[in-house]
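Keep the structure open while reading.

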Amino acid sequence: MSKKTTVSLGTALDIAHASSLKSRLVTALTKNIPVQLTSDKVERVDTAGLQLIFAFIKKAETQGNSVHWYKPSDALINASEILGLQSELKLNQARREGVV
Amino acid sequence: MEIDLSQFHQVFFEESFEGLDVMEQELLNLEEDSDLENVNTIFRAAHSIKGGSATFNFKDVADFTHVMETLLDEMREGSRPVTREIIDLLLKSVDCLRGMLNKIQDDEPVGEAHCELINSFNLLLSGEAIVETEVNTAAEQAVETQPIAADTTEDLHHYWNIQFIPQSHILETGNEPVRMFRELKGMGVLESTVDVSKVPDFDELVPESCFLSWRLRLDADTEYDTIKEVFEWVEDECELTIDNAEEPEVKKQDVKKQEVEKQGPITESEISVDTVISDKEVTAVETDDIEVSGAEKTTGDSSSDKMESTNAIVSISGAVSNKTSDVAKEKSQKLATETQNSSQAKVKSTAVNEEKKNQKKATSTASIRVGIDKVDTLIDLVGELVITQSMLSELGDNFTMAKLNQLVSGLSELEQNTRELQESVMRIRMLPIGFVFNRLPRMVRDLSSQLGKKVHLAIKGESTELDKTVMEQIGDPLTHLVRNALDHGLESTEQRIAAGKSEEGTVTLNAFHQGGNIVIEVSDNGGGIDPDVIYDKAVEKGMIQQGEELVKEQILGLIMEPGFSTAAVVSDVSGRGVGMDVVKRNINNLGGSVEIESNLGKGTTFTIRLPLTLAILDGQLIRVANEVYVLPLVSIIESIPLSMVEISKIAGDMKVYKLHNEYVPIIDLREEFVIQRGGGANSEGLLAIVEGENRKIALKIDDLMGQQQVVIKSLDSHYKSIQGVSGATILGDGRVSLILDIVGLAKRAAIRANHRREKVA
């Protein structure tokens with residue numbers, strides 16, 4: 001199994017925390033290895049947060065690194081569903097596969 | 001202020017036809033390899049036709065494209081696989097739409113052809129496979145549509161299409177799409193589609209700005225205002241459109257209604273008659289037979305009849321209503337007024353229509369799309385011309401002999417500019433031949449399945465440009481040649497396998513420039529033409545004598561003669577013996593020629609040579625007395641001094657000249673154009689043998705002068721059309737010279753000969 005790095009999304013994936021999250025995500029990108037997003041505790045989700053994750057996934061994938069969800073919370077899935085971002089965020093896949 | 005939309009109709013039609021061409025082409029591409037981009041292109045084309053037709057109130061077209069679009073949308077989203085059936089159906093729809101648009105353009109009713117296609121679409125959309133796409137009778141149609149219509153009547157509902165494009169700072173103001181959408185979700189079923197295309201690269205992304213936009217579909221029984229309320233706080237910070245859309249299933253209901261409407265006033269009046277009669281029965285009110293027959297008259301054709309009869313209905317229903325229930329009264333009156341309105345409108349509209357039609361014929365002119373680069377070149381050239389002109393006029397102001405050299409170089413520059421300008425203007429009329437080629441793949445597809453042959457159509461040189469007029473006229477001959485290649489040229493699959501060839505036959509279209517001509521080749525790798533078979537057939541048909549010596553090219557050329565067909569079976573596709581001669585005649589009319597080359601067992605190539613433009617002609621100047629005429633150079637076969645010619649007379653006064661084995665009628669142009677006097681009486685004169693549409697005539701002229709390219713000016717627009725003259729041109733010395741039309745001259749001569757013969761008799 002190859003190496004991977006983990007980013008925890010904490011409890012709030014929202015506009016208030018977006019900037020600090022972005023800098024953590026940048027650090028993850030510089031490692032140039034697959035990323036796991038730990039999201040089991042996420043309770044508050046908004047557009048800014050999901051948009052940031054979307055851009056991150058896109059960027060990581062263009063670098064050739066995959067991004068995996070770890071236990072995406074219901075709040076996260078619901079919000080992404082409402083915004084129609086589920087497939088963009090690969091969350092429908094994650095749920096179906098029950099990714100570890 | 002009201003805007004007259006009809007001024008945009010022409011543009012709409014042009015764009016729609018273009019869109020349909022695109023759809024057709026992409027559908028054919030789709031068949032070969034299914035790509036999402038193709039579906040998107042087709043969808044966009046259908047969508048713009050739908051939008052345009054709705055704007056201009058062409059409801060039938062809009063409704064039809066709407067159903068098409070629904071199916072395409074499913075294909076686009078990937079929820080419906082691309083099958084041959086669907087492509088067939090869509091191709092048929094393209095044809096149908098083209099027909100509808102043509103009819104609308106001619107101010108004719110669109111007919112009902114599209115209704116059955118709509119039914120097929122609806123069947124597909126409702127999840128049933130089309131077992132039979134061609135619904136033949138109206139009765140069957142009614143049977144098929146009714147149950148569906150009945151099903152959908154009950155859950156008649158609308159959905160909302162919401163387009164929400166927020167400004168980037170929306171999140172900073174605390175307005176959260178998630179919250180707003182959740183609110184919408186509370187009203188019914190919400191489907192959101194997000195557009196992420198504006199989201200910048202992760203590095204550039206400002207986390208607090210919103211770059212997303214949404215298209216929402218809300219399936220809910222809500223008021224417009226309720227939805228609007230959700231977006232109340234962000235109204236000024238976004239682009240928001242909320243549209244009430246209808247469910248495709250519900251559409252069926254509409255379609256059904258339309259169908260009834262489409263059957264026109266007849267159906268309507270039948271309904272009224274029924275209602276009136278049934279009311280009568282119920283209440284046993286006695287009404288006059290005359291009135292009933294008046295009502296029946298509604299089914300008649302003339303609009304005045306309709307007016308009368310509707311009045312009759314009104315009077316019946318008036319009489320009946322006094323004694324019948326209110327419901328019946330309302331019903332019959334409504335129907336009557338409707339009929340009346342429609343018939344009144346009709347009377348008016350027929351008169352207006354006539355007028356419009358006439359106007360339209362006068363104003364509708366073909367337009368042309370020109371690449372901006374061509375226009376830019378023109379502007380540059382005109383700029384050059386202006387500079388040269390000002391230079392020359394300055395020279396002229398104070399001219400001394402010392403400036404002669406300057407003048408000469410200035411004039412040559414002027415000449416150069418003028419020539420370039422002429423060429424560029426001509427180039428504006430030039431379009432890539434792809435416009436013609438593009439309609440062939442569809443035909444090949446349909447035909448190959450009809451003939452059960454596997455055919456690959458290869459197209460080369462589609463960017464070769466030629467004159468628009470030439471292109472319009474080359475379409476049919478080209479289509480015919482390709483049909484022929486498919487039907488006769490290519491062998492059946494079994495024969496091909498037996499001959500050791502690949503199963504799939506190839507028809508190749510190629511176009512290129514050669515000299516001042518455009519060359520179009522239509523070739524197939526089929527069985528080729530056997531000259532012996534052609535020869536025998538020609539003998540059998542009495543076209544040539546047995547034992548006549550002919551070279552291979554001449555024998556092959558026979559298939560282009562009228563009344564020749566070697567196909568063992570006259571098929572639907574070709575073989576009736578009309579066609580190839582028409583092809584040849586059409587091409588000759590354009591000043592072009594056809595050559596056939598064929599290798600037995602390897603294939604056949606038809607080579608068409610066409611002049612680049614019809615506006616310029618290679619002409620041979622001839623002199624008759626003091627007049628100069630122009631003959632198309634291609635039409636001249638030979639010229640002989642009169643002194644060497646033996647002239648015979650047949651049928652009284654008709655002078656003929658024996659050329660090889662045929663007699664060629666002689667036309668004395670001096671007589672023909674009633675030229676009284678003039679020089680040249682001393683010269684011995686010449687006989688110019690010319691050919692047009694396979695007819696040869698000999699023209700008696702005084703002298704052959706130079707050859708030059710002449711610009712054809714239409715005589716029709718400046719004077720009037722004259723038989724025997726195809727146009728006029730201005731010669732170098734400023735004189736006007738008439739361009740002779742060989743075919744017209746031959747016809748003129750024939751008519752005159754007949755007259756003379758009648759006189760003699």
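Leaving aside neighbours within four places in sequence, which residues is B:Leu184 in contact with? They are B:Ile162, B:Leu190, B:Leu216, B:Leu218, B:Ile227, B:Val230 and B:Phe231; contact means heavy atoms within 4.5 Å.

This is a predicted model: local features need pLDDT of at least 70, side-chain atom pairs count only at pLDDT 80 or more, and totals for chains, interfaces and linings use all residues. Residues are numbered from 1 along each chain as written, chains are lettered from A and ligands numbered from 1 in written order, and side-chain values use heavy atoms, without hydrogens and water.

**Confidence**
- Chain B averages a pLDDT (the predictor's confidence in each residue, from 0 to 100) of 74, and 74% of the residues score at least 70.
- Residues 129-156 of chain B have pLDDT below 50.
- In chain B, residues 249-329 stay under 50.
- Where pLDDT is low, the predicted coordinates should not be read in detail.

**Nonpolar cores**
- A nonpolar core joins buried Ala, Val, Leu, Ile, Met, Phe, Trp, Tyr and Cys residues through side-chain atoms within 4.5 Å; buried means under 20% relative accessible area with a 1.4 Å probe, protein chains only.
- The largest core has 58 residues; A:Leu37, A:Ile53, A:Phe56, B:Phe181, B:Leu184 and B:Phe231 touch the most other members.
- A second, separate core of 47 residues includes B:Met443, B:Ile474, B:Leu509 and B:Met560.

**A buried charge**
- B:Glu176 lies in the loop between β1 (158-166; strands are DSSP runs of E, at least two residues) and α7 (177-185) of chain B.
- B:Glu176 is buried without a salt bridge (a side-chain nitrogen of Lys or Arg within 4 Å of a carboxyl oxygen of Asp or Glu).
- The nearest side chain of opposite charge to B:Glu176 is B:Arg179, 7.0 Å away; Lys and Arg count as positive, Asp and Glu as negative, and His and the chain ends are not counted.
- Beyond four places in sequence, B:Glu176 is in contact with A:Asp46, A:Thr47 and B:Leu171.

Definitions and conventions. Buried < 20%, exposed > 50% of the residue type's maximum accessible area, 1.4 Å probe, protein only. Helix = DSSP H or I, 4+ residues; strand = E, 2+ residues; numbered from the N terminus.
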